[in-house]
Every structure is written in C-alpha cells, then in structure tokens.
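Visitor: I'm new to this one. Could you pick a single part and take me through it closely?

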Amino acid sequence: MFMKKIALTSGITAAFMMASATAATAFTACQVTDVGGIDDGSFNETAWQGVLDAKAAYGIEGRYLESQSETDYQPNLNSLIENKCDLVISVGFLMGDATKTSAEANPDQKFSIVDFAYNPTIPNVVGQIYATNEAAFLAGYLAAGMSQSGVVGVFGGMNIPPVTAFMDGFYYGVAYHNSQKGTNVQVLGWNAASKEGLFTGNFESLDDGRAFAQNLYDEGADIVMPVAGPVGLGSAALAAELGTDAMKIIGVDGDQRFLDKNNGDVYLTSVLKGMDKTVMQVIKSAMDGKFEGGLLIGNLANGGVDISPYHGFDSAIPAALKAEVEKVRAGLIDGSINVGG
Amino acid sequence: MSQTEHKSDTTRDAVRALMAPPIDRDGAWRELFMVPLAAVMLALLFGALIMMATSVSPATILQSFIAMARGSVGSLHAISETLTATIPLVLAGLGIGLAFRAGLFNIGAEGQMVVGGLAAAVASFSLTGLPSIIHLPLVLMVGLAVGALYAAIAGFLRATTGAHEVISTIMLNLISFRLLDYFLRQPFIQKEGRSDPISKAVLESAELPRLLSFFDGNLRLHAGLFIMLAAVLLVYWLLYRSKLGFAFRISGENPQAARYAGIRSGLTIILAMAIAGALAGLAGATQITGVLGRASPGFSAGIGFDAIAVALLGRSHPVGILLAGLLFGALEAGGRQMQVDAGVSIDLISIIQALIIIFVAAPLLVKRILPPLFRTKSVNEDAS
C-alpha cells in the first residue's frame, strides 16, 4: 500500500515537471470543442485545423478538450486555464456564457471564441464571427441552378444565429436565382422571413442527418444543405446510397470533399467558414504580443468565408452557371447585390 | 410478546438477512471492499489494453494514467473538480440505492433530475426580492418536491396497476427531456434575446455559495457538498434507524413477508419512489444553483444514469455510495486531464466506468481473474 502511494506521488511530481517543462518551451494554444467532437468532419475539426496549421507554421503546442455535454464547457475551460495555456479558444456560440464567465474571472488569460460577438466587447476575448450568409448565398444560387427537381432543402442543428446565417444565405441565394433567371426553385426547411424551419435539435446524431435528408428527398429535394456539424455526415451517407443524380449535398464549415472520409464524392460544394484562418490569425497576434480583445470578422471580401472548389462536379456544372456564381460573388463584395434578398 | 420486542427481533433478523453475505461471515468486509477495488484495478488494466489496441503507445498510456491521478487529486483545482462532480452523483445515487433497498429499480433518476432542476431554475429566477437565506432553501425544496412528485408517478402506477417501474421510469425520462425542450422555449423561462432553448440565469440570491472562490475564482466547489453529506447521513438514518426504512428494506427483501407483517406495500412503493425522486430532484437543483446557473437542454448530462452505476458500485449503502461517487467524480475530473495531457479521448473514461460496473456486477469474475486477493484470507488474518 505504501509503495503504491510513493509511486503515485512520484508519478504526480513527474507529471508536474513535465507540464511545467512544456509550458516553458512553447506557446500553447488550447481549444475546447463543442459537443460534436474534434473529428466531426465539419465545425470543430475546421477550427482545430487552425491550431494544427499554427503548430506547423510557428511550432506551437496545441491541446484540446472535447465537450461531451453543455455542462462540460465551464470545467473544460477551467481545466485549460489551470494548464497554463497562453490562449484558450472556445469553439461555438453555445459556449458564449461560459467563456464570458471564465474571461471575467481570469482577466489576465487570453481567450478567443468562435461564433460569438460580445456586446460590449470583453478586453481579453477576441470574438471570431463570420458572414457565412454571403458564402451560403453563392451555394444557394448554385443549388438553384443545378436542381433538376426544382426543389432544394436545408436543415439546421439548432435555431441559433451561427446556424441560421447559413440558412438565410442559402434561402436568399435561391430567391436571387429565381428573380434573375425566372425560375421557381423552392426551398424546403427554412423560411428566412418567419425564421422557422427544420432543426434536428442536436449537433451529434448522424441518424437524424439521414432521416432529415430522407424527409426532404421524399418531398422532392435533390440538393440538401445540412447545417449541423457531424449530423450532415448522415445525410451524405444517404446521398451516397441514392446516388448523386438523386441527391447532392452541400457541405458546411470546412471542405467536406476531404473532411468526410467516407462519402466525399457527394458534395456539390462546401460553404467554407474560415475558422482555421481566423483561429491561426488570433494565435499569431497573441504570439506577437498584439492580442487585443474585440471582434474578428470573416467575410467574402477578406476571404474569411467562401465556397469550396467544385471538385468532382466541376465538369457537371455548366460554364455559364459558374460564371454567374462569380458575378454574384463580385456583386456581394461590392454591395450591388443585397445578401438579405 | 410485546410489540417492541417483536419488532426489534424482526429488525435484527431482517438486517441479518439483508446484510448476510457481505457482513456476517469472516472476511466478508474484505470482500465488500476488495471486489470494488479489484474491479477498479481490472478496469484500468483493461482500459490500458484497449488503448494499446487502438495503437496508443505505452508511454502515452502511462502518461494518461498519471494525468488521471493529477487531474483528480493532484491539485486544489483537481480536488475541487472531483468533489463538484461527486455531489450530484451521490445525491442521485442515494435515491437509486434507497429504491434498490426497497426492491425498486429506479432508472428514472435522470428524468427526475431534469424536472427537479428545471423547477428549481424557474423558482430561482421568478421569485424576486427574497433574501438568500429564504430564497435558496426554497429553490432547493422546489427541486426536491417536483422530483419527488415526478418519481411518485411511477410508484403510483406500480402500486395501483402493477406497471413495472423500470418501464415507466424509462418512459418518464423521455417525457422529461421533451418537457424540458418545451419549457425552455416558453417566454417566462427562455432567456431574453435568445432563440435557442436556454433559461434565464439563476438570481444571485438563489445561488449555492462557492466554497473556495475567495481563493481562486475558478474553483467551482459549492455548498452542495454539505447538502450531499447531510443526505448521506439522513439516508443512512432513514434506512437503518427508522421505521419507514425498515419497511423499505423488508419490502425489498421479501414483499410477501412484508405484507404479512402488516406493511402496506402500495404506500411503501410510492414513498420509496418519492424519496428517490426527491434526492434526484435535489441533485438537479444543486447542479442548477451551484454549478450551471441556468437550465439548458441536456443539463442533466447523463448524471442520473451514471448514478445507477454509483449506487451499484456502492452496494446501495449510503457510505458505499459516497465512496463510489467520489471515485466516479475523480474519473470524470481525471478524464479531462487525461485528454489535455495525453490527448487520449475522454470517451475512454466512459469505457473504464462501464468496465468497473461489469466487474462489480460479476464478483465471481473478479475472483476468478484475481484469485490471490481473495484466497489468502486466512494468511492475512493471521498477520493482522
């Protein structure tokens, strides 16, 4: 019994020494994921990619903690603060309150949060927000141009601003196509005016992703955009079974052509939310001592959001449609096209 | 034969009957502690094997176990986190253990936590202008009462119609989740300016005070600790020193004998379920007022299910449940550190917890795998 105690104590001491050693050598960026998990092929993975990129470029240390439920946010943040992280990054709108609490309790600790804008801003927090509606507008326009059935679908994880921004953009992109080309493509799953639509209520269940896509398919949709992190992987699995002639998927957050290891071929395009870029940017500013609380906004103009290359569908998309998408992009950037419809 | 004499006789017999395997025989105390201890060791060992199977290097495995120790007991912060996680596990576990003793399998602690926590949250922000000394106890009592009522539904169904409480509590769990979703969207509960389901914040007068915040604002340990300890004592007294507890235990041991002894089985079932639900509701209320500060979907976080494991591991004895709760709390806090230090997935902790339960539930298996721990009984006794 005593031996065990001694072994344990010395083990703990060793661990302490190891921890302090790593803290001394390198800048450490730590991330708390939302409940989807670090390998969700979408939201959390894209944000984590920013840390990995910074690791490769600047030789920093990166650590992460996965939240298994909303109750994990606060302890996970605290745990990382305890572990001498130079920068703590929380990923997700739902972590807004927890991050605020931690930031106010630890004014000397640098924080950054993806998808939350504090008003007023907190001096030690950088909020990273994205005009994803601009990029989703392009995707909506493209979808309207590509749909054979004249019906496209969208659904979200929860009715929260970072999710509905995608759905708004998609909706108005389709509407813009209808108004310009005289088409009558319908959007199922979201009404941008009433702010009501289809939501799975979670960011985890692949089964929900499959079921919701199936429902939209049954109602005639041949292109579906799931905005719910890993939930969309279930939709992609359904599209792969049905064949891409029957259903194509529009990915979100990262380029799901590559992030979805199983069904990368079903993505017409992905609405890129450049969390990897902004996360890396915040890390760089913290390393250079230029960290300043406030907002960091990614939009079409600064490349913070975009749509991905068409990959396998490149040849299937008419050249005229591609040119129109580019024109819409230019119009959104210079303000001649209103992203609100 | 006078009535008291008769009762004390029966009490002794009943206690003996209930506790016969673990306490009465030689070395049984050792078994009571050795089986769970061996189960934990075996679970850690199997956990290591699973990590190896998923091609984690031995150095990382060692590092992750060190991290687990460090994250659960290695610092003040770690101890605070361990205890914070322990509080709801023990409270809900006590309820489940008590129901077990009464022969009832209450799988509904999760749902009882949800409704109790939700009710406590509503009481915590809608009753304004009360001093803390009145508001906080009131909020906790609301959580307790609503949890009790919710569990009593299952007890009532069992007592009157014979509907099995396993089925009805599982179904009540599902109903509670949807009730939570529904209520979190109601204007008098939902936080202003939010479209997602989340409640308003708990008023300061209803917050359980943080015990160590003067030391460091990040230490979350709250006064629920004392509520938990009081509950352990209270449940112990209730089960082993009160008339009602006697009725619970005798009903659990032998319902027919209980009936012949004049114990009203229907009432006993309803009361046992209600007390179990009260404890789970209290667990929900302490989570809301001590830790979370608001209700959101899934705020119960599966604690009500983990508490079943805690009750099993603690052999449904209040002190055992306290120890088991501490272990599970330590696993949760340590698991977090494991991921930070070694990058090992926190899911592994769930696997280890499940393995512990399997080994505890199958003492024979443990004895087969680790015979020396149990066989050398007589030698050890001579030595000690």
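Guide: Let's look at the open sheet in chain A, and then step back to see how the chain is divided. Keep in mind that this is a predicted model. The sheet is built from six strands, and reading across it the order is β2-β1-β3-β4-β5-β13 (chain A). The strands pair in the parallel sense. At the edges you'll find β2 (61–65) and β13 (294–298) of chain A, each with a single partner strand, so one side of each has no neighbour in the sheet. Going from one strand to the next, the twist averages 20°.

Time to step back. Chain A is split into domain 1 (26–130 + 276–298) and domain 2 (133–272 + 310–334). Taken over C-alpha atoms, the centres of domain 1 and domain 2 of chain A are 28 Å apart. Where they touch, domain 1 of chain A gives twelve residues to the contact and domain 2 of chain A gives 15 residues. On the domain 1 side of that contact in chain A, the residues divide into three nonpolar, five polar and four charged.

Terms used
Residues are numbered from 1 along each chain as its sequence is written. Chains are lettered from A and ligands numbered from 1 in the order in which they are written. This is a predicted model: local features need pLDDT of at least 70, side-chain atom pairs count only at pLDDT 80 or more; totals for chains, interfaces and linings use all residues. Domain bounds come from an automatic or database domain assignment. Two residues are in contact if their C-beta atoms, placed from the backbone, lie within 7 Å. Ala, Val, Leu, Ile, Met, Phe, Trp, Tyr, Cys and Pro count as nonpolar, Asp, Glu, Lys and Arg as charged, and the others, Gly among them, as polar. Two strands pair if DSSP finds at least two bridges between them. Helices (H or I, at least four residues) and strands (E, at least two) are DSSP runs, numbered from the N terminus. Axes are lines fitted to C-alpha atoms, for helices over the stretch in contact, and angles run from 0 to 180 degrees between N-to-C directions.
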